Amino acid sequence: MKNSFSSLSLNRRQILGAVVAASVMSSAGAVWAADEAPEAFIKRITNETLDIIKADKALRNGDVNKLTQLVDDKLMPHVNFRRMTSLATGPAWRKATPEQQKRLQDEFKILLVRTYAGALSQVSDQVVVVKPLRPGQEDKNLVVNTEVRGKGDPIQLDYRLEKTAGEGAGWMIFDLNVLGVWLIENYRTQFTKEINAGGIDALIASLVARNKSNARNS
């Protein structure tokens, strides 16, 4: 089967921004008050993230196993990954079986982790500036805009958040924008092609093949 995911490769600046974004999400391990402002949430976990990366040589060198463990421990509680995967999959998500949905989530996570792991060494002296929140946004689809600043031009990096209710309420991340490219929109185009060609199973097979290829090259 021809793998169509090679066209999803990002340039170096996009990867650097995405690495900071993915690592930012990974550092959000503590439970904070539900009334924490979204800008404060992003600023807090951003500063924690940069400190973690700069202090951990294995992460800077792209240790895939260590990064995967970090994501499993810290990322999942603060990212609505089910929503992220369902949005990337599109209408076909509702027709997928629970087993297919689980496999899609698992393989999509592996794809994202391995895509960014090799670029962690690029994080060095960067700082992240959180911009003032645009007024009038809804809690279920709120965007926090930031810039990653270091050597070279600033990198646009935006987070789409939703506010959760109940015990442990707070902010959840479900989409990322790196240099004007939203992650969900970027992957939805490719996912739709795979689904139209062979259904959900074809998409899963392509993700599996891509992940195996990345594992051999890591």
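A residue is called buried under 20% relative accessible area, exposed over 50% and partly exposed in between, with a 1.4 Å probe and protein chains only. By this criterion, 48% of the 218 residues of the protein chain count as buried. The model is predicted: local features need pLDDT of at least 70, side-chain atom pairs count only at pLDDT 80 or more, and totals for chains, interfaces and linings use all residues. Numbering starts from 1 along each chain as its sequence is written, and side-chain values use heavy atoms, without hydrogens and water.

**Fold**
- The protein chain contains eight helices and five strands, taken as DSSP runs (H or I, at least four residues; E, at least two) numbered from the N terminus.
- The order of elements from the N terminus is α-α-α-α-α-α-α-β-β-β-β-β-α.

**Helix α8**
- Helix α8 (residues 183-217) spans only 23 Å between its end C-alpha atoms, whereas a straight helix of 35 residues would span 51 Å, the expected span being 1.5 Å times one less than the number of residues.
- A kink of about 125° in α8 is centred on Gly198, the bend being the angle between axes fitted to the seven residues ending there and the seven starting there.

**Nonpolar core**
- The largest nonpolar core has 38 residues, of which Met84, Phe108, Leu161, Ile173, Leu183 and Tyr187 touch the most other members; such a core joins buried Ala, Val, Leu, Ile, Met, Phe, Trp, Tyr and Cys residues through side-chain atoms within 4.5 Å.
- Helix α8 supplies the largest share of this core, 10 residues.

**Leu179**
- Leu179, in the loop between β4 and β5 (181-182), has a positive phi of about 55° although it is not a glycine.
- Leu179 counts as partly exposed because its relative accessibility is 26%.
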